[in-house]
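The sequence and coordinates come first, and the description follows.

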Amino acid sequence: MPKCTINGKEVEVKEGTSIIEAMQQSGDRIAHYCWHPGLSVAGVCRLCMVEIEGNPRVQIACNTMVTEGMKINNTSEKVKDAVKWGLDFHLINHPLDCPICDQAGECGLQDQYMEYGKYDPEMAEHKQKKHKVVDLGPTVVLDSERCILCSRCVRFTEEVSKTNELGLFNRGDRTEIGTHDGMPLDNKYSLNTVDICPVGALTSKDFRFRQRVWYLKDAETVCNGCSTGCNVKVFYNKEGFFRVKPVYNEQVNGHWMCDEGRDIYKFVNREHRLLKAQVRNASGWTEMTAGAAAKNANEVLKNSQGDSLALVLTAQYTVEEFDAIVSTFVNEFKTKKVFFWINNKESFESFDGLLLRGDKNPNTKGLLKVLEKHGITATWADLTSGLNSGAIKTVVVAGPENMNAFPDFADRVKELSKASNLIWLQATKQDALMALTGNVWLIPTKTFVEKDGTFVNHAGLEQKFKKATTIVSEALTLTEAALLMVGKNLAIPAVSATFMPNNQRDDQVTLEARKKNEFVFRRGSL
């Protein structure tokens, strides 16, 4: 492993490591636009300049490999001057769109100008006008004037999605990014191009103009869209959740995530949620708190315990919740009639070769492990025959969170409604459930962003995640619901403010007088 010196620090790196990778490893900051660790080296932005002892000219760090004893710096006046005027050339045609640009606040141009630029521009030429609001496809909009031609998006479609929709067209200062004729940017990973765009040229249609990034709080979690278990960051404020972006994990998703996974924030927002428990009997529906409804169901569960009681689980909950509710039914209610509701069975094992899997549940492996631990061997055919014969009188269902993955939902509701008593734990509002007759308990549950837990992905990798915030304060986890349904008391702390950051310090003051600005506590350096 060669050793080199970077800005006076000795660094040991693997053979074949580039200087820019060595600087990332050592924690040294360096200007760059076109280099991305998940893409090939293009060397077109010419900003990652370094000075190498013994070499009379500055070199680019992305395409120069570290050799034994190499002495590198990017702090000399020679390097600073090269980077400063490199930035000037990048900004020759760039419009002053910051006040209306979606990228403002997380823009590579803004950040790097303040760190490496701060020059007085000397260009007298008129800016080259290019196309604005170019519709590239169903998910992405391009503003060609802002594009600095780093080619990251082009390389992504060539190397990662392998769909090749994007290219560089024309020459010189008239060069623009665009799609090939008859090939819109329409692949299942298209929004990664927005993530890797260092400026505001590529914008997401879904997020465009909906929020300023500095009004958003973020938290890391695990995507519950399929069994890959991509590591992601969710962005929210007091008005709700607004977007999801990938977090690098070499073992799981690398730098990327699919477009389907970016929609998982939608069903957790209040407008889609079951906010209060609904209990139905002969006289109609009654609204009550979730905890009271779960406790209310205890009587019918006690009378139905044994073979007349069944539990139906979807693989959308945490390992801890599965363990708690299955052990409650096995040990307290004396039933082993626990059933796995498998959705989209015919495509369960499919895989697109990159990230998307046919199993649209985040925790199938975790559920199967818990069922095996408790000796559960019941099949869905056993449930169907039990319902048809009337042997199963009461069914408790932990319904799906992500309804996009359950096209058979209405059919399953119809099938399970044959039970005399139906207790349905569900995060989202569903018309099919509100149309039920008979004895029904609808109890709101917490979504994956409202609790701590563990998902086990398709490869058996256990991934723990933390609660991001509270959205529906009365909603229960399956663990809490199991305790209440068995008749035990549970103190559920009241949460007065929803959508607040879970890790906010007591001494941080929320600024209610400002419209959405309650999370701005870390100020910039200027």
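In this predicted model, three strands make up an open sheet in the order β11-β12-β13, and their pairing is antiparallel. The edges are β11 (217-222) and β13 (240-246), each of which pairs on one side only. From one strand to the next, the twist averages 30°. Strand β12, residues 231-237, pairs with β13 in the antiparallel sense over six bridges. Within this part of the sheet, Lys233 stands opposite Lys245 of β13.

Another open sheet has five strands, in the order β2-β1-β5-β3-β4, and here the pairing is mixed. Its edge strands are β2 (9-12) and β4 (59-60), and each pairs on one side only. The bridge partner of Thr5 in β5 is Lys71. Helix α1 (residues 19-26) touches β1, β2, β3 (49-52) and β5, and its direction makes about 110° with that of β2. Helix α2 touches β3 and β5, with a direction at about 160° to that of β3.

A further antiparallel pair consists of strand β8 (residues 166-169) and strand β9 (residues 176-179), joined over four bridges. Leu168 stands opposite Ile177, which belongs to β9. The hairpin of β8 and β9 has six residues between the strands, and in it Asn170 takes a positive phi near 70°.

| Strand pair | Sense | Bridges |
|---|---|---|
| β12 and β13 | antiparallel | six |
| β8 and β9 | antiparallel | four |

Besides touching the five-stranded sheet, helix α2 (residues 77-90) packs with α3 at an angle of about 145°, and the two axes are 10 Å apart. The crossing of α2 past α3 is left-handed. On the α2 side the contact involves Val83, Lys84 and Leu87, which meet Gln112, Tyr113 and Tyr116 in α3. Sorted by class, this contact has four nonpolar residues, one polar and one charged.

Helix α3 also takes part in a pocket. With four residues, α3 (residues 108-116) gives the most to the lining of the second largest pocket. About 540 Å³ of space lies in this pocket. Its lining has 24 residues, and those nearest the centre are Leu91, His94, Pro95, Leu96 and Cys98. Which classes make up the lining of the second largest pocket? There are 15 nonpolar residues, four polar and five charged.

How many cavities of 30 Å³ or more does a search of the whole structure find? The search finds one. About 110 Å³ of space lies in this largest cavity. A total of 16 residues line the cavity, and Cys147, Cys150, Cys153, Cys197 and Leu202 lie nearest its centre. The elements that give two or more residues to the lining are α4 (152-159) and α5 (192-196). By class, the cavity lining divides into 13 nonpolar residues, two polar and one charged.

Key:
Residues are numbered from 1 along each chain as its sequence is written. This is a predicted model: local features need pLDDT of at least 70, side-chain atom pairs count only at pLDDT 80 or more; totals for chains, interfaces and linings use all residues. Side-chain values use heavy atoms; hydrogens and water are left out. On a 1 Å grid over the protein atoms alone, a cavity is a set of points where a 1.4 Å probe fits but cannot get out, and a pocket is an open set with protein on both sides within 12 Å along at least five of seven lines; lining residues have an atom within 4 Å of a point. Grid points are joined across faces, edges and corners, and a volume is the space filled by probe spheres set on the points. Ala, Val, Leu, Ile, Met, Phe, Trp, Tyr, Cys and Pro count as nonpolar, Asp, Glu, Lys and Arg as charged, and the others, Gly among them, as polar. Axes are lines fitted to C-alpha atoms, for helices over the stretch in contact, and angles run from 0 to 180 degrees between N-to-C directions. A crossing is left-handed if the near helix is turned anticlockwise from the far one by less than a right angle, and right-handed if clockwise. Contact means heavy atoms within 4.5 Å. Two strands pair if DSSP finds at least two bridges between them.
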